[in-house]
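I opened this model to look up its sheet, the helices packed on it, its core and the confidence values. My notes are below the display.

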Amino acid sequence: MANGPLAARIPKIHLHCHLEGALRGSTFLELAAKHRVPLRYEPKVGDGSSSDGAYAERSRRPSRRAQDRTGDPYRFESFQEFLYLFAAVSRSLREPEDYARLAREFVADALAQGVIYGELFVSPSVWTYFNPRLDVRATMQAIVAELRAARPHATFALLPDLTRNFGAENAMATVRTIATMTDLDIIGISIGGDELRFPARFFADAFAYARANGLRCVAHAGEVDGPASVRDAVELLRAERIGHGIRALHDRALVELLAARRIPFEICPTSNRRTGSALPEHPHPYVDLDRRGCVVTIDCDDPAIFHTTIEREYALVEREAGPAALERYVRNAIGASFAPAHAKREMEARLAAAVAEPPAAGRS
Ligand SMILES: [Zn+2]
């Protein structure tokens, strides 16, 4: 490590980052005050009239401690509370100009860390759940205008994330809407939310529609639910990458299948620790997935909410697995991206140059 920590200088690739989850805490406080929305989403009985499942699970409320409104706005104690917090953040974003600010600040933070490419999740079905009058196209336009300002230093595309909790009908409606927005750097879809109660089979038609319309498909799976959820994401949704996927490890044959098919895992170490998906007393499951020949990539999920950044995730992985592993994971991310071949070659060259960089003056 003569050149100092690789994480500080290696180019960074986002394959699993939710734009809304990157909202700076200070901006969340300002936007919530501006729009007079609470810092916590507290589902009420009868809230969410959609026939196929509302955002909230009414039986489990945020704990009293998590509702403490002083200090850090990004506090939560369970995966369910994290989902509520994500909802509260989404509620504070009311107008296209709020999303423009979110994207502008995201770009500033990304460039400061050496991010060169990103496929970012956005959740239009959550936006309109809380703000039915929001103009989705105008909002996407506002976001994309800010993301394009990052060029030529970095290039970003969007993967709208369907929300399992809203059910199949909503997912199909969302896909139909976003399929008309490929001029706005939308390259595919993802799906997130409660995988325990809203399994992949509900969404096979929405994914088939997306595929038929030229959209790439990825899915969160195996974050909370077991290996069957990961298998279904691959077989029923035909997901080309798996968000998290760490519970696939409970099924040896599935891990072998994912390794053989070279289906990448989007690993978010801090996120998994914070939500309890990965147990603190064990090495993170990515170590095992990598050892078993799976394609591991590293990202930060909802960086602001999890009090992390992509650079910190890279540094964490470098400390745990070493610089050679980090370099391999970044190379994997370039390969796993949906960027065109010439862009991948450029990213490879930037990666090679950063790895070969001589020691900076004064750095030990
Ligand atoms: Zn995610």
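These entries go from confidence to sheet, helices and core.

**Ground rules.** I am reading a predicted model, in which local features need pLDDT of at least 70, side-chain atom pairs count only at pLDDT 80 or more, and totals for chains, interfaces and linings use all residues. I number residues from 1 along each chain as its sequence is written.

**Confidence.** I looked up pLDDT, the predictor's confidence in each residue, from 0 to 100. The protein has a mean of 90, and 90% of its residues reach 70 or more. Over residues 46–54 the value is below 50, and this stretch has 18 contacts in the model beyond near neighbours in sequence. Residues 56–69 are also below 50, with 21 such contacts. I count a contact when the C-beta atoms of two residues, placed from the backbone, lie within 7 Å. Where pLDDT is low, the predicted coordinates should not be read in detail.

**Sheet.** I took helices (H or I, at least four residues) and strands (E, at least two) as DSSP runs, numbered from the N terminus. Strands pair if DSSP finds at least two bridges between them. I found an open sheet of 8 strands with parallel pairing, in the order β1-β2-β3-β4-β5-β6-β7-β8. β1 and β8 (296–298) stand at the edges with a single partner strand each, so one side of each lacks a neighbour in the sheet. From one strand to the next the twist averages 25 degrees.

**Strand β2.** I checked its two pairings. Strand β1 (residues 12–18) is joined to β2 by 5 bridges, with K12 opposite V115. On β3 (residues 155–163) there are 6 bridges to β2, and G118 has F156 as its bridge partner. All 8 of the 8 residues of β2 (residues 115–122) are buried, so the strand is largely enclosed by the rest of the structure. Buried means 20 or more other C-beta atoms within 10 Å of the residue's own, with C-beta atoms placed from the backbone.

**Helices.** I looked up helix α13 (residues 310–321), which lies across β1, β2 and β8 and runs at about 115 degrees to β1. Axes are lines fitted to C-alpha atoms, for helices over the stretch in contact, and angles run from 0 to 180 degrees between N-to-C directions.

**Core.** The largest nonpolar core has 105 residues, and L85, C217, A219 and A233 have the most contacts inside it. Such a core is a set of buried Ala, Val, Leu, Ile, Met, Phe, Trp, Tyr and Cys residues joined through C-beta atoms within 7 Å. Helix α3 (residues 79–92) gives the most to this core, 8 residues. Leaving aside neighbours within four places in sequence, I found L85 in contact with Y74, F76 and I305.

Technical notes
A residue is buried if 20 or more other C-beta atoms lie within 10 Å of its own, exposed if 12 or fewer, and partly exposed in between; C-beta atoms are placed from the backbone.
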